[in-house]
Amino acid sequence: CLHYLFSNYLIKLSSTNLNVKYFIDTFLTTLVVDYKPTTFDYNRMLYTLMRNVSEKVNSEYFLQFDEIKNPEFFKNLPVLYIAAGPSFQENIEWIRKNQNKFIIVTVGAAYKTLINSKIRVDIVITLDASYKVLKEKQFSDSDVKLLKDSIVLYSSMTDKRLVKSFPKNKFVFDVVDSYHTQNKMLSASSVGEKGVELLLSFGVKKLYLLGLDLALNQETGDSHGKMSNSSKVKFDFEDQTIYDRSIFGLNTGLIKVKGNFLEEVFTTSLFKSSIECLNDVIKILKTDNVDIFNLSNHGALFDGVKPLSIDKIKLEDLSI
């Protein structure tokens, strides 16, 4: 019944609830996230692509990974990739103390907190298309001034008004579809997994993930760190309706996945879609000489990624 997905996203489900929980979660996650017509509808996608991509496709700053035969930008330098999940905020002091051990890459929702915490930010990645949301939450005129010493990687859908405000060191990458014949373009539900794709494509050999939880704070139910400039959701674990499969949406209804440190963690269907995209990215791009470590204490487990507590990192062996 999943063969014609766009034709049956309104299919009704009934169940005996006997030994089918896993299948229902998978089925609902697929329909609600990947093929929900209101998530990023077709007409909106066409308009966004025509308006924004057409202005960038011939830019000399457009990243074309097919032309990078032996990417050695980072050599064997350790890269700390910081996203805006719950574990990001809890480890701010550790990041500040050890920032000189890593090249620091982050997302639009986290860079302001890092810089205000006196943490150097080398690269910022942004994906979303909405000018209003990004301008208000992440890239106001005063906030953009903080990026004067950083490189910005922005998507082909990023509004040109934002692009003009970015510092001179900026580059654009493909998203949704590839507009250069041999360019790599993998599916991404969020900037989190897209950032990992970009870093692996750049040839990063030692990648440390922090705040890329793709799961809730397992104590408070928060979807993101409180200091992040991202759309946040908070769940009450005592509210039984969040476990009810008759009410299930992008940010309603929780599912369990394998945890990075815990046996299982609660996550949303939207995060679950990102987990699956990230697993695909790692499966395709990670080679035997690449090590990826997940430092996120609230995080989900990712295929091919090693859980590593920050107090177990051999910092004396790291330098940039």
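Biologist: What should I know about the model before I start?

Modeller: The model is predicted, so local features need pLDDT of at least 70 and side-chain atom pairs count only at pLDDT 80 or more, while totals for chains, interfaces and linings use all residues. Residues are numbered from 1 along each chain as its sequence is written, and side-chain values use heavy atoms, with hydrogens and water left out.

Biologist: Where is confidence lowest and where is it highest in the protein chain?

Modeller: pLDDT is the predictor's confidence in each residue, from 0 to 100. Here the chain has a mean of 81, with 71% of its residues at 70 or more. Helix α1 (residues 21-34) has the lowest confidence, a mean of 60, and strand β9 (residues 291-294) has the highest, at 98. Over residues 1-9, pLDDT stays under 50.

Biologist: How many helices and strands does the protein chain have?

Modeller: Both are DSSP runs numbered from the N terminus: helices are H or I of at least four residues, strands are E of at least two. This chain has 10 helices and 10 strands.

Biologist: In what order do the eight strands of the open sheet run?

Modeller: Two strands pair if DSSP finds at least two bridges between them. The order is β5-β4-β3-β2-β1-β6-β9-β10, with parallel pairing. At the edges are β5 and β10 (306-307), each pairing on one side only. Further in, β1 (residues 78-82) and β6 (residues 206-210) pair in the parallel sense over five bridges, and V79 has L207 in β6 as its bridge partner.

Biologist: Which strands pair in the antiparallel sense over four bridges?

Modeller: Those are β7 (residues 255-258) and β8 (residues 264-267). A hairpin of five residues joins β7 to β8, and K258 stands opposite E264 in β8.

Biologist: Is F171 buried, partly exposed or exposed?

Modeller: Buried means under 20% relative accessible area, exposed over 50%, and partly exposed in between, using a 1.4 Å probe and protein chains only. F171 lies in strand β5 (residues 170-173) and is partly exposed, with a relative accessible area of 31%. Together with Y61 and I151, F171 forms a nonpolar patch on the surface, with about 240 Å² of accessible area in total. Across the whole chain, buried residues make up 52% of the 320 residues.

Biologist: What share of contacts joins residues at least 24 apart?

Modeller: Contact means heavy atoms within 4.5 Å. Among contacts between residues at least 6 apart in sequence, the share is 64%.

Key: Patches are made of residues with over 30% relative accessible area and no salt bridge: like charges are joined within 9 Å, nonpolar side chains (Val, Leu, Ile, Met, Phe, Trp, Tyr) within 5 Å. Accessible areas come from the Shrake-Rupley method with a 1.4 Å probe; for residues, only the protein chains shown count as cover. A salt bridge is a side-chain nitrogen of Lys or Arg within 4 Å of a carboxyl oxygen of Asp or Glu.
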